[in-house]
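This briefing is for a reader new to the structure. Please look at the model first, then read the points below by topic.

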Amino acid sequence: MTEMQDRYRQILKQYWGYDNFRGIQREIVDSIASGHDTLGLMPTGGGKSVTFQVPALAMDGVCIVVTPLIALMKDQVDHLRQRGIMAAAVYSGMSRNEIVTTLENCILGRTKLLYVSPERIGSDLFRIKLGHMKVSFFTVDEAHCISQWGYDFRPSYLNIAELRKLKPGVPVLALTATATPEVVDDIQERLLFSSKNVFRMSFERKNLAYVVRTTYNKKEEMMHILRSVGGSAIVYVRSRIHAREICEQITAHGFTATFYHAGLEPRVKDERQKAWHDDEVRVMVATNAFGMGIDKPDVRLVIHYDCPSSLEEYFQEAGRAGRDGNKAYAVLLYDDSDERKLDKRIAQEFPDKQTIRDIYDHLAYFFQLALGDGCGHTFMFDAGRFCQTFHHSTIQTHSALRILQRGGYIECDMEPDNASRVRFLIGRDDLYRLNDGSPEEDAVVLALLRRYSGLFTDYAYINEEEVSYYSGQSRQQVYFILRNLTQRHILHYIPQRKTPLLTYTRDREESDRLNLGPEVYDNRRKQFVQRIKTVIAYAKNYDICRSRQLLRYFGEERSTDCDICDVCIDHRIDHTSEKATAPVKQRILDFLADRKQHKTTELYALDLPFKERGPALEYLISEEIIHYKDGYIWID
């Protein structure tokens, strides 16, 4: 063991209490500490955070950690500080002064880990301050978000590559729990890796039983499962309304439950998550807004009441069960209507191109924006009124906005910062020459200038209560004065509210000239359709071990049956002798003799004996006599 490796173990023991690394943690730490661009593939609960926190403490400078969730970064910073580690975060909702102070501490060497959102790293302030920092390495969490081929692509992640140009020679550590082989290659390319360097930890979860329950009554099946499996549980649904409805059904049957979705107030979210975490309530009914970064290892059950849109999404959410290593269950409820619902999502997520062009034009009418104008303008977007005025569905409107954002036409913040913001629209000298303001207006302007910096170059977050105190005006007076100054184009005041903000990133143009080509629309739609098909194929496949199906999707060709999923248990019950399955194997081989790809469902037409069909097919696939992928089988 080298001196540096011994140092890593000392840090691990000192701050986390562990004697040794586990899995591929050691290899990842050694790689990034040696200055190599590194991609780590680790399943949920695999200990990703240790792989960057330990080397960050051992190396000179600050580690910049890019992560998409504010709640997650706040939580990690709090835990690190409790351990005596110098950590900080920059996120929306902080005042400009707070952000500047945090970044200055990084420059002065008073911070070892700085957590930032991908949106924040695109700001001029951050980039200017970054130029003066000594950076040990960059960490990109949820790295699949940078890939155009990933299920959760986020355009803001593309800002990360620009950081590398600002800090040449500084290595990057990318981490993710969900990446297909295609996404693995794309992550490394988009993050400008000097050479390919991937460390893989098997995604296999030997304690987690994957189960699909085909049922005509999901509600009764869910209650049966909750009664049969004790312990903490999560039930995933697709909509906010459904979250409330399912929660009410569960509590009506005598279980303690609460619900969670992105539309709740932050305080309510925190209260409900804490109540569930502390076992005050047993069941959390939630949309996919819940779960990332939760620190609860004893979840015994994850139920998907509604089908997810991809196996990546399913795998990540299911993986929140059994992180303590004890037996746990991930159950997908499936009925005859799910395939139709999944197909419907394609039209919802990807409206036809003419609908997207119509929405683009209607936005301009809504904001009274002329052709050739708009670049850099930010508008408060009342989505409900927009949809009602122009007769668009809410789901298709939001999908169209995402596609327009991907095309580089707009940026839409559907859940904007709660804090109010102000920016002066005239220069400092022009402001001082104004002599038509009332004493009350002058007092408010003076309070702004004394309490906040950077108001002439960027929006600054303000607190109206603070402005009220220092100006001697009531809070209501401050509000009306700021609105009046906005109408006179002296400043732009954005009050505290949850109304989404829409910013034009280029001037409005004729809608028939919008670029809705392969990169923006067609390829993405094709990928989405394929993901939907793989979810359906997974739900309908009762021939191959659930764990093997998932592992193969993520590129693990060599695997063994888990022996605990519903398929394996059924096969064990229906186990038959080699002699009985031999003729069935031969009939399957004869069927595939044309060397074309066939759907596994085509085997039903052969009228094979049910008990022998599953074991025969599994044997042929496991021995690689035939090949299987995404519901298709074939012989080379």
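The model is predicted: local features need pLDDT of at least 70, side-chain atom pairs count only at pLDDT 80 or more, and totals for chains, interfaces and linings use all residues. Residues are numbered from 1 along each chain as its sequence is written, and side-chain values use heavy atoms, with hydrogens and water left out.

**Packing of α18 and α19**

- Two packed helices are described by the angle between their axes and the distance between the axes.
- Helix α18 (residues 439-451) packs against helix α19 (residues 464-471) at an angle of about 115°, and their axes are 9 Å apart.
- That angle makes α18 roughly perpendicular to α19 (65 to 115 degrees; under 35 counts as roughly parallel, over 145 as roughly antiparallel and the rest as oblique).
- Axes here are lines fitted to C-alpha atoms, for helices over the stretch in contact, and angles run from 0 to 180 degrees between N-to-C directions.
- Helices (H or I, at least four residues) and strands (E, at least two) are DSSP runs, numbered from the N terminus.
- On the α18 side, the contact (heavy atoms within 4.5 Å) is made by Ala443, Val444, Ala447, Leu448 and Arg451.
- On the α19 side, Glu466, Val467, Tyr470 and Ser471 take part.
- By class, the contact of α18 with α19 has six nonpolar, one polar and two charged residues (Ala, Val, Leu, Ile, Met, Phe, Trp, Tyr, Cys and Pro count as nonpolar, Asp, Glu, Lys and Arg as charged, and the others, Gly among them, as polar).

**Ser471 in α19**

- Ser471 belongs to helix α19 and is buried, with a relative accessible area of 10% (buried means under 20%, exposed over 50% and partly exposed in between, with a 1.4 Å probe and protein chains only).
- Leaving aside neighbours within four places in sequence, Ser471 is in contact with Ala443, Val444, Ala447 and Val478.
- Ala447 is 24 residues from Ser471 in sequence, yet the two are 5.5 Å apart in space, C-alpha to C-alpha.
- The side chain of Ser471 also reaches the backbone oxygen of Val467 at 2.7 Å.

**Packing of α13 and α21**

- The axes of helix α13 (residues 338-349) and helix α21 (residues 518-540) come within 10 Å and cross at roughly 170°.
- α13 and α21 are therefore roughly antiparallel to each other.
- Glu339, Leu342, Asp343, Arg345, Ile346 and Glu349 of α13 meet Arg525, Phe528, Val529, Ile532, Val535, Ile536 and Lys540 of α21.
- This contact of α13 with α21 has seven nonpolar, no polar and six charged residues.

**Helix α9**

- In helix α9 (residues 218-228), the buried residues are Lys218, Glu221, Met222, Met223, Ile225 and Leu226.
- At the start of α9, a side-chain oxygen of Asn217 comes to within 3.3 Å of the backbone nitrogen of Lys219.

**Loop residues with positive phi**

- Most residues other than glycine have a negative phi.
- Leu192, although not a glycine, has a positive phi of about 60°.
- Leu192 sits in the loop between α8 (181-190) and β7 (198-200) and is partly exposed, with a relative accessible area of 41%.
- Gln368, also not a glycine, has a positive phi of about 55°.
- Gln368 lies in the loop between α14 (353-367) and β14 (378-380) and is exposed, with a relative accessible area of 74%.

Definitions and conventions. A polar contact is a pair of N or O atoms within 3.5 Å; within protein, one must be able to donate a hydrogen and the other to accept it, and residues adjacent in sequence count only if both atoms are side-chain atoms.
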